[in-house]
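Subject: Structure handover

Hello,

Here is the structure for you to look over. My notes follow below it.

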Amino acid sequence: TMFNIVPVSAFTDNYIWVIHDQYYAVVVDPGEAKPVLDFLEQKKLKLTAILNTHHHIDHVGGNLELLQQFQVPVYGPGSELISTVTHRLKEGDSVYLPELSLRLSILDIPGHTAGHIAYYGANLLFCGDTLFSCGCGRLFEGTAQQMYISLNKLAKLPDETVVYCGHEYTLANINFARLVEPENQAITQLQILAEKQRKSDLPTLPSTIAKEKACNPFLRSNQPEVIRSASNYAGKPLTDPVSVFTAIREWKDKM
């Protein structure tokens, strides 16, 4: 089947991703219900499932209200407490969305939260707040090493994988990436495009795994310039990629 994937804006910078054809819709991380309900009504769509990546309220806060209008399955991380989840998932599981003929496999990607999951299939990746365009999520519950492993797992997906994440943080992330890797021309190119998109009030997302491998400092902790900048920030030579990653995550947190 052919389907569209549309970002519905919520709060100040959240995107709720709606996967839909002419009749049916599946929604990823509905932090609030109203913008989703408005979109469904406007397009005359019937909601058939909710997918959650992690328990934060700006990703699950709309579940209950959506369920009052549509009795649908709610998929989410098995190890996190989300009261509305009906299907608890872990890596190795998959979700089949029959109305859209779409199958998504589950990846465990802890770090931002302890049980964070991603949905991956048909060249699409819904990764919540783990991988952002040119950035990664803060370590609220996991360790830097966990997040490093999770991001590496995503970086191993095919280059053409299209990346749908939870927030419009791209411009701020690019500014930081330029500090870490000032010589990287791919970041400069990305910035020109992203600034143009935001000026026209367009989302900078989705991204791709290829773009992230070229621009995202958190996927580039083995690159000489990133290692130099991280060592400089830490005030000592850093050798292994996890310590480089840890240093740049701390540096970004202080921005």
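Which side chain does Asp159 meet in a salt bridge? The partner is Lys213, with 2.7 Å from N to O. Please keep in mind that this is a predicted model. The two residues lie 54 residues apart and link distant parts of the chain: Asp159 belongs to the loop between helix 4 and strand 13, and Lys213 to helix 7 (residues 209–215). Asp159 is partly exposed at a relative accessible area of 38%, and Lys213 is partly exposed at 33%.

The count of salt bridges is eight. Another one is between Arg198 and Glu168, at 3.8 Å from N to O. This pair also links distant parts of the chain, 30 residues apart: Arg198 sits in helix 6 (residues 185–199), Glu168 in the loop between strand 13 and helix 5 (170–180). Glu168 is buried, with a relative accessible area of 13%, whereas Arg198 is partly exposed at 29%. Lys90 and Asp93 form a further salt bridge, their closest N and O atoms being 3.8 Å apart. Lys90 is exposed at 52%; Asp93 is partly exposed at 22%. Arg138, Arg249 and Asp253 are joined in a network of salt bridges.

On the sheet: it is open, with six strands in the order 7-8-9-10-13-14 and mixed pairing. Strands 7 (94–97) and 14 (207–208) are at the edges with a single partner strand each, so one side of each has no neighbour in the sheet. Helix 4 (residues 144–155) packs on the sheet and touches strand 8 (102–108) and strand 10 (124–128).

Regards

Notes: Residues are numbered from 1 along each chain as its sequence is written. This is a predicted model: local features need pLDDT of at least 70, side-chain atom pairs count only at pLDDT 80 or more; totals for chains, interfaces and linings use all residues. Side-chain values use heavy atoms; hydrogens and water are left out. Two strands pair if DSSP finds at least two bridges between them. Helices (H or I, at least four residues) and strands (E, at least two) are DSSP runs, numbered from the N terminus. Contact means heavy atoms within 4.5 Å. Axes are lines fitted to C-alpha atoms, for helices over the stretch in contact, and angles run from 0 to 180 degrees between N-to-C directions. A salt bridge is a side-chain nitrogen of Lys or Arg within 4 Å of a carboxyl oxygen of Asp or Glu. Buried means under 20% relative accessible area, exposed over 50%, partly exposed in between (1.4 Å probe, protein chains only).
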